[in-house]
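Please keep the sequence and the structure in view while reading.

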Amino acid sequence: EMILDHFTARPGYTLAEFDYKQLEIRVLALASRDRQLIHDINAGVDMHTYFASQIFSKPEGEITPKERRMAKGFSFQLQYGAGANGIARFWDVPKALAEDFIKKYYRRYPQVKKWQQSVLDEASGTLEFAGDMQEGLATKRGYIPSIWKNQDGTALTHFTVIADRYEAWGGDGTDVNYRISPTKTKNYPIQGAAADILMLMLNKLSDCLWDQPTNLLNTVHDSVLVEIPETKVSLNTAKLGELLMSVPKVLLEVFNVSSPVDFPVDVSTGKTLAEIKENS
């Protein structure tokens, strides 16, 4: 018996989970404006199968589930800031294989790499001493810009991070330098924007449900869990799904951002969380 079997709806109610599909990838397309990535998302291209065929030099129709799962892992790890060493170590594959994937990924999505570099450059220019300590020594902090911008193009918000402190050999001896982690500059803006979107849509959902018998129960990563009266499951799941998918409209209202991609959700229902996972 699984622990998910113990998370049950009350008598007369059904649980419904709304899970955003590929939320971070869609946010990456929103941030980078990479034309090929936007096209692939809107055309429904199976990016993981495509890259698996590139990695393993096989037709897409011959890619196994394991090979697709590995390519999917490569993509997410690269998006979250991992390099060839980290990807190769995690998947226990040759470093050359990971390097080849990274080269092909950025060849297909060049604007993603350009955007990531621009964030690193901007954040690196903000390094300053502000009283932070690391291992008992003074260190610098920096500020990673969010993807949301003012009318003049400056970031609305920033993520404050402690810089990495390292020693470098100078002309007259060892010197101390500071740098912002490239992993964080790739990861924080995307994860932060995804969290912002989820919070914006939860506000919309809360406004919609405040006088309704449907209850907002929980969120897990990119999904929302609600409890719906059994007599209104079909009507409410359709209504709430439409509301949660109105992300482009909300982004235009809140940030004056025109989204090049949609934000669809998958809906699963069941009397228990275990049933929901079976039905998803």
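## Basis of the model

The model is predicted: local features need pLDDT of at least 70, side-chain atom pairs count only at pLDDT 80 or more, and totals for chains, interfaces and linings use all residues. Residues are numbered from 1 along each chain as its sequence is written, and side-chain values use heavy atoms, with hydrogens and water left out.

## The chain as a whole

The chain contains 11 helices and 9 strands. Helices (H or I, at least four residues) and strands (E, at least two) are DSSP runs, numbered from the N terminus. Along the principal axes, the C-alpha atoms fill a box of roughly 80 × 50 × 40 Å.

Of the 280 residues, 45% count as buried, where buried means under 20% relative accessible area with a 1.4 Å probe, protein chains only. Contact means heavy atoms within 4.5 Å. Among contacts between residues at least 6 apart in sequence, 58% join residues at least 24 apart.

Two strands pair if DSSP finds at least two bridges between them.

Strand β1 (residues 13-20) pairs with β9 over 6 bridges in the antiparallel sense. In these two strands, L15 is the bridge partner of G270, and F18 that of V267. To β8, β1 is joined by 7 bridges, again antiparallel; here T14 has I228 as its bridge partner. Since 7 of the 8 residues of β1 are buried, this strand is largely enclosed by the rest of the structure.

Axes are lines fitted to C-alpha atoms, for helices over the stretch in contact, and angles run from 0 to 180 degrees between N-to-C directions.

The axes of α8 (residues 182-209) and α10 (residues 247-255) come within 11 Å and cross at roughly 100 degrees. That makes α8 roughly perpendicular to α10, a term for angles of 65 to 115 degrees. From α8, I197, L200, M201 and K204 meet V247, V250, L251, E253, V254 and F255 of α10. The residues of this contact divide into 8 nonpolar, no polar and 2 charged. Ala, Val, Leu, Ile, Met, Phe, Trp, Tyr, Cys and Pro count as nonpolar, Asp, Glu, Lys and Arg as charged, and the others, Gly among them, as polar.

Key. Angles under 35 degrees count as roughly parallel, over 145 as roughly antiparallel, 65 to 115 as roughly perpendicular and the rest as oblique. Buried means under 20% relative accessible area, exposed over 50%, partly exposed in between (1.4 Å probe, protein chains only).
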